[in-house]
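Thank you all for coming. I would like to walk you through one structure, taking a few places in turn, so please have a look at it while I talk.

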Amino acid sequence: MSHEDRTASARKRLAEYMAREGKRNTRQRDGIVNVFLDTGGHLTLNELLALAQKKDPGIGFATVYRTMKMLAEAGVADERKFGEGQTRYELSELGDEHHDHLICGRCGRIYEFEDEQIEQLQEAVAARFGIRVTHHRHEIYGVCIPECAPRD
Ligand SMILES: [Zn+2]
Ligand SMILES: [Zn+2]
């Protein structure tokens, strides 16, 4: 699915949620939603705040916090923690979309990957325990080579 398609269906899902909950759009909330949808992934609240403030310096942390909680509730954003304990937000997976993560422990870069063989192996392992998989999170930690690898 292209980034445009994902963004469009995220907007649709959000609009439905807001109509259902009787929530109204505000300019600041809109600005934060746009920043999040444009970047698509793995940002902390402070990173989102910094980007949102470039467009509207009046936006504060509390608004970013509340907006992202709302997006999570609407099923548009997923809250993730990768090792370092800070919550990061990414676009929720839609339909049968799925990806896993590789994380560099030095620079913090986060890479996404999909691997059909890993997916199938996970299913097979779970089946051995009599578990039907509903979802999973697979995270691989390491260092980027060569940029972040220790030199000797
Ligand atoms: Zn991701
Ligand atoms: Zn790195």
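Let me begin with the largest pocket, which holds about 300 Å³ of space. A pocket here is an open set of points, on a 1 Å grid over the protein atoms alone, where a 1.4 Å probe fits, with protein on both sides within 12 Å along at least five of seven lines, and lining residues have an atom within 4 Å of a point. This is a predicted model, in which local features need pLDDT of at least 70 and side-chain atom pairs count only at pLDDT 80 or more, while totals for chains, interfaces and linings use all residues. Residues are numbered from 1 along each chain as its sequence is written, and side-chain values use heavy atoms, with hydrogens and water left out.

Which residues lie nearest the centre of the largest pocket? They are Glu93, His98, Thr134, His135 and His136, out of 18 residues that line the pocket. The elements that each give two or more residues to this lining are β2 (77-81), β4 (100-104) and α5 (116-128), where helices are DSSP runs of H or I with at least four residues and strands are runs of E with at least two, numbered from the N terminus. Of these, α5 gives the most, with 5 residues. By kind, the lining divides into 1 nonpolar, 9 polar and 8 charged residues.

In helix α1, residues 3-21, we find Lys12, which is exposed because its relative accessible area is 55%. Lys12 and Val76 are 64 residues apart in sequence, yet the distance between them in space is 9.5 Å, C-alpha to C-alpha.

Finally, two details of the backbone. His42, in the loop between α2 (27-39) and β1 (43-44), has a phi near 65 degrees, which is a positive value in a residue other than glycine. Is His42 buried or exposed? His42 counts as buried, because its relative accessibility is 11%. The other detail is a cis peptide bond between Ile145 and Pro146, with omega at about 5 degrees, and Pro146 belongs to the segment after β6.

How values were computed:
Chains lettered and ligands numbered in written order. Points joined across faces, edges and corners; volume = space filled by probe spheres on them. Nonpolar A, V, L, I, M, F, W, Y, C, P; charged D, E, K, R; others polar. Buried < 20%, exposed > 50% of the residue type's maximum accessible area, 1.4 Å probe, protein only.
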